[in-house]
Amino acid sequence: MKCFRRVQCCRYSTERRVRVVFFLCVTQHHLFLPDKEELFQNVLTQVAEQFSRAFKINELKTEVTNRLAMLEKRVELEGMKVVEIEKCRSDIKKLREEMASRNNNHFLDDNKKLTPRRDVPSYPKYHLSQETVEALRQPTFDVWQWEPNEMLSCLEHMYHDLDLVKDFNMNPITLKRWLLCIHDNYRMNPFHNFRHCFCVTQMMYSMICLCSLQETFTQVDILILMTAAVCHDLDHPGYNNMYQINARTELAVRYNDISPLENHHCAVAFQIFSQPDCNIFSTFDPEAFKQIRQGIITLILATDMARHGEILDSFKHKVDSFDFTDEEHVTCLKMVLIKCCDISNEVRPMEVAEPWADCLLEEYFMQSDREKAEGLPVAPFMDREKVTKPTAQIGFIKFVLIPMFETVMKLFPQIEDVMVQPLRESRDRYEELKQIDDAMNEVQKKKSENLTMGKKK
Ligand SMILES: [Zn+2]
C-alpha cells in the first residue's frame with residue numbers, strides 16, 4: 001500500500017513518475033499475491049492513465065505550439081491584408097474622384113445642359129438703360145457689377161446693335177436660347193467662367209465700335225468675331241493644356257495633345273449649334289454655314305497661348321502693308337483681335353482689372369497644387385511658392401500685351417489712348433508694387449538676420 005501511495009503522491013516529473021510506477025508494477029506482478037489482483041488492476045489503469053496523460057501533454061504542447069505558429073502566421077497575413085485593404089481603399093477613393101471629375105469634365109454626360117428649350121428662356125429680362133448701352137461700347141465698362149441675366153441681356157443687345165440679328169435674319173428667341181445655353185456650358189472656375197466669356201465678348205464689341213470694324217469688315221467677319229468670342233472657352237475645366245497633356249487626360253488623348261482645350265471649346269460650341277433650338281445660323285445656306293464654322297474654329301484655335309509667337313509674327317509681317325481685301329490678312333487680323341480681347345483684362349481700369357489677376361492666380365494655384373499632389377511638372381508662373389501678383393503681371397504686360405497691342409495700334413491708332421495707354425499705366429503700377437514688395441522683403445530679411453545674430457550672442 002505504502003508504495004502505491006508513494007506512486008500516487010509522487011511529485012516527480014511526469015516522465016520519471018511513469019518510469020517509477022512501471023518498475024513498481026512489474027515487481028508487484030511477480031511478488032504480490034492473487035488477492036491483490038484487483039489493486040494491481042487499479043494500478044495498471046492508473047499507470048495507463050499517467051502514460052496517456054504524459055503523451056497527451058506532449059501532444060498538447062505540440063498542438064499549442066502549432067496553433068501559436070498558425071496564429072502568428074495569421075496575424076502576419078491579416079496585417080498584410082490590412083495594409084492591402086488600406087491601399088485598395090485609397091485606390092478606390094482615387095478612382096472615385098477621377099470618375100467624378102471625368103463626369104464633370106465630360107460635356108456629353110451632362111444631359112441637362114443640352115436639353116432642348118422650346119420655350120422662351122425664363123431668365124428675367126434685364127432692360128438696359130441708355131447709360132448702360134453707351135458704357136457697353138467702352139473698354140472701361142465695369143464687368144463686375146452685373147448678374148448673369150444682365151450679362152445675357154448685354155450680349156443679346158450687342159448682336160442686335162451690330163445688326164447681326166437683322167442682317168442674318170436670326171430668330172431673336174433662338175438667340176436668347178443660344179445665349180442661355182452658352183451660359184450653362186461655362187463652368188464655375190475662378191477665372192475661366194461665364195463672366196470671362198462676357199468680358200472677352202464685350203471687349204470685342206468695344207473694339208468693333210472703336211476701330212469702326214464694320215466699315216472694313218464684312219458682316220460675316222463681325223459675326224465670326226463676336227460668336228468666337230462668346231464660345232471661346234466653353235466648358236473650360238480650369239486646368240490648362242499643360243496639365244491636360246502631362247496628366248494624359250481624356251481631352252489630351254482625344255486631341256493628340258494639339259490644343260486640347262481650344263479644340264474642346266470649339267467642339268462644344270458646334271454641339272450647341274447642332275441643336276435646332278440653339279442654332280442661330282439656321283437660316284444660313286450650307287456654304288455660308290461652312291464659312292462661318294471655319295471662321296469660328298480658326299479664331300477659337302488661335303486663342304491657345306502656345307501659338308502666341310507664331311500668330312503675332314505672322315501679323316507683324318503683314319501689318320505694314322496690310323490689305324483688307326486679302327483674305328489671309330483679314331483672317332490673321334481677326335486671330336490677333338480675339339487674342340487681344342482674350343487677354344485684355346489689364347486694358348480695363350485698375351479696379352476692374354485687378355480682381356481678374358487674383359482670379360487667374362487662384363486658378364493657377366489650384367492647378368499647381370494638384371500637379372504637386374499628382375507628381376506632375378509644375379510651371380513656375382503657377383507655383384504659389386514662386387510667383388507674386390506684381391511679378392506675374394509685369395512680365396505678361398511688358399512682353400505679351402504691350403507688344404501685341406502696339407502692333408494692332410499700327411492699323412488702328414485710335415486704340416492708343418483707350419487701350420495701350422492703360423496697359424503702360426498698369427505696367428508702371430505693378431512695377432511700383434514690386435518695388436514695395438522687394439523693399440518689404442529686404443526689411444524682413446534684415447530683421448530675421450538680426451534676430452539670429454542676437455541669439456548667437
Ligand atoms: Zn479666354
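A: Helix α14 (residues 286-302) packs with helix α16 (residues 327-342) at an angle of about 50°, and their axes are 8 Å apart. Helices (H or I, at least four residues) and strands (E, at least two) are DSSP runs, numbered from the N terminus. Axes are lines fitted to C-alpha atoms, for helices over the stretch in contact, with angles from 0 to 180 degrees between N-to-C directions. That angle makes α14 oblique to α16. Under 35 degrees counts as roughly parallel, over 145 as roughly antiparallel, 65 to 115 as roughly perpendicular, and the rest as oblique.

Q: Which residues of α14 and α16 make the contact?

A: Two residues are in contact if their C-beta atoms, placed from the backbone, lie within 7 Å. Here α14 gives T298, L299 and A302, while α16 gives T331, K334, M335, I338 and K339.

Q: What kind of model is this, and how are residues numbered?

A: This is a predicted model: local features need pLDDT of at least 70, side-chain atom pairs count only at pLDDT 80 or more, and totals for chains, interfaces and linings use all residues. Residues are numbered from 1 along each chain as its sequence is written.

Q: How many helices and strands does the protein have?

A: The protein has 19 helices and 0 strands. Among its contacts between residues at least 6 apart in sequence, 73% join residues at least 24 apart.

Q: Which residues does the UniProt annotation "binding site" cover?

A: The unreviewed UniProt entry lists H192, N193, F194, R195, H196, D233, D342 and Q393. Such annotations may be inferred rather than shown by experiment; positions follow the numbering used here, and feature names are shortened.

Q: Is H196 buried or exposed?

A: Count other C-beta atoms, placed from the backbone, within 10 Å of the residue's own: 20 or more is buried, 12 or fewer exposed, in between partly exposed. H196 has 22, so H196 is buried. H196 sits in helix α8. Beyond its neighbours within four places in sequence, H196 contacts F191 and D233.

Q: What about R195, buried or partly exposed?

A: R195 has 17 C-beta neighbours inside 10 Å, so R195 counts as partly exposed. R195 is in helix α8 (residues 194-210). Not counting residues up to four places away, R195 touches V143 and M151.

Q: Where does V378 lie?

A: V378 is in the loop between α17 (350-373) and α18 (389-411). V378 is buried, with 20 other C-beta atoms within 10 Å.
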